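Here are my notes on this one, in the order I'd go through them with you. Have the viewer open as you read.

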Amino acid sequence: MRAAAPRRGSIVLNDVTKSFRAYHARSVKETLIRITRGQPLTERRPVLKGIDLEVAPGERLGILGRNGAGKSTLFRIISNILHADSGIVEVTGRVSPLIEVTAGIVIDMTGRENIGLIAALLGLSRRQVAERFDTIVEFAGIRDFLDTPARYYSSGMQARLGFSVGVHVDADILLVDEALAVGDADFQAKCIAKMEELSGLGVTIVVVFPTPV
């Protein structure tokens, strides 16, 4: 008998590790000194070590961690933005990564153009973008600035735009990395209500919560 296919919206990590290259020399002079002394110029610094995680379809999960603990790196691996050095990563379904929600915005493009670009990068067709366009705009509250280049948006407006697109792409998995730290209290409440709505529809939601140092 053929095994059943995994349900969309699942995340499975097994013994995942990730490290980054750290550079010791910050100038040509320091580089030459280290070379003369036979000292290494770089080293690998581990960020994630032996991570095991299983999130079932439709489950809601919160991850706590201090700054620098590797939370964003973990999200980028789940989103396939980064590749793990070792271990198994199995993610089933469309992922909407709300990681630094302003990062995907091109400041020389208008709000209208950015909606099309970001939505396309998240897997929507032109027809699907057109169907959701008004809803995205209303949620973001940028109707009067649609044809204004994003460089003239406040940081809050850019964040609202990025978040709005991310929650309207019919994702199976929503990753929220401190995205709710931006915007005013009313918009934060609006975001939480939207996430509750998506959770009720069976969307898998993983949220990062920073802890005090």
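1. Ground rules. This is a predicted model: local features need pLDDT of at least 70, side-chain atom pairs count only at pLDDT 80 or more, and totals for chains, interfaces and linings use all residues. Residues are numbered from 1 along each chain as its sequence is written, and side-chain values use heavy atoms, with hydrogens and water left out.

2. Four strands form an open sheet in the order 3-7-6-5, with parallel pairing. Helices (H or I, at least four residues) and strands (E, at least two) are DSSP runs, numbered from the N terminus; two strands pair if DSSP finds at least two bridges between them. Strand 3 and strand 5 (95-99) sit at the edges with a single partner strand each, so one side of each has no neighbour in the sheet. On average, neighbouring strands here are turned by 10° against each other, direction ignored (axes are lines fitted to C-alpha atoms, for helices over the stretch in contact, and angles run from 0 to 180 degrees between N-to-C directions).

3. Six parallel bridges join strand 3 to strand 7 (residues 204-210).

4. The structure holds 10 salt bridges, a salt bridge being a side-chain nitrogen of Lys or Arg within 4 Å of a carboxyl oxygen of Asp or Glu. One of them joins Arg60 to Glu196 at 3.1 Å, N to O. Glu196 is in helix 6 (residues 185-200) and Arg60 in strand 3 (residues 60-65), so the pair ties together parts 136 residues apart in sequence. Arg60 is exposed at 52% relative accessible area, while Glu196 is partly exposed at 48%. The classes are: buried under 20% relative accessible area, exposed over 50%, partly exposed in between (1.4 Å probe, protein chains only).

5. Other salt bridges. Within helix 6, Glu197 and Lys194 are three residues apart, which means about one helical turn separates them; their closest N and O atoms are 3.3 Å apart in a salt bridge. Lys194 is buried at 12%, whereas Glu197 is partly exposed at 42%. Arg143 and Glu138 form another, at 2.7 Å between the closest N and O atoms; Arg143 has 37% relative accessibility and Glu138 has 47%, both partly exposed. There is also a salt-bridge network linking Arg127, Glu131, Arg132 and Asp170.

6. His168. A polar atom of its side chain is 2.6 Å from the backbone oxygen of Ser164. Beyond four places in sequence, His168 is in contact (heavy atoms within 4.5 Å) with Leu124, Arg132, Thr135, Ile136, Phe139 and Lys194. Arg132 is also in the network of point 5, and Lys194 is the partner of Glu197.

7. Gly87. This glycine is in strand 4 (residues 86-92) and is partly exposed at 47%. Setting aside neighbours within four places in sequence, Gly87 is in contact with Asn14, Asp15 and Val16. Gly87 and Gly50 are 37 residues apart in sequence, with 7.8 Å between their C-alpha atoms.

Key. A polar contact is a pair of N or O atoms within 3.5 Å; within protein, one must be able to donate a hydrogen and the other to accept it, and residues adjacent in sequence count only if both atoms are side-chain atoms.
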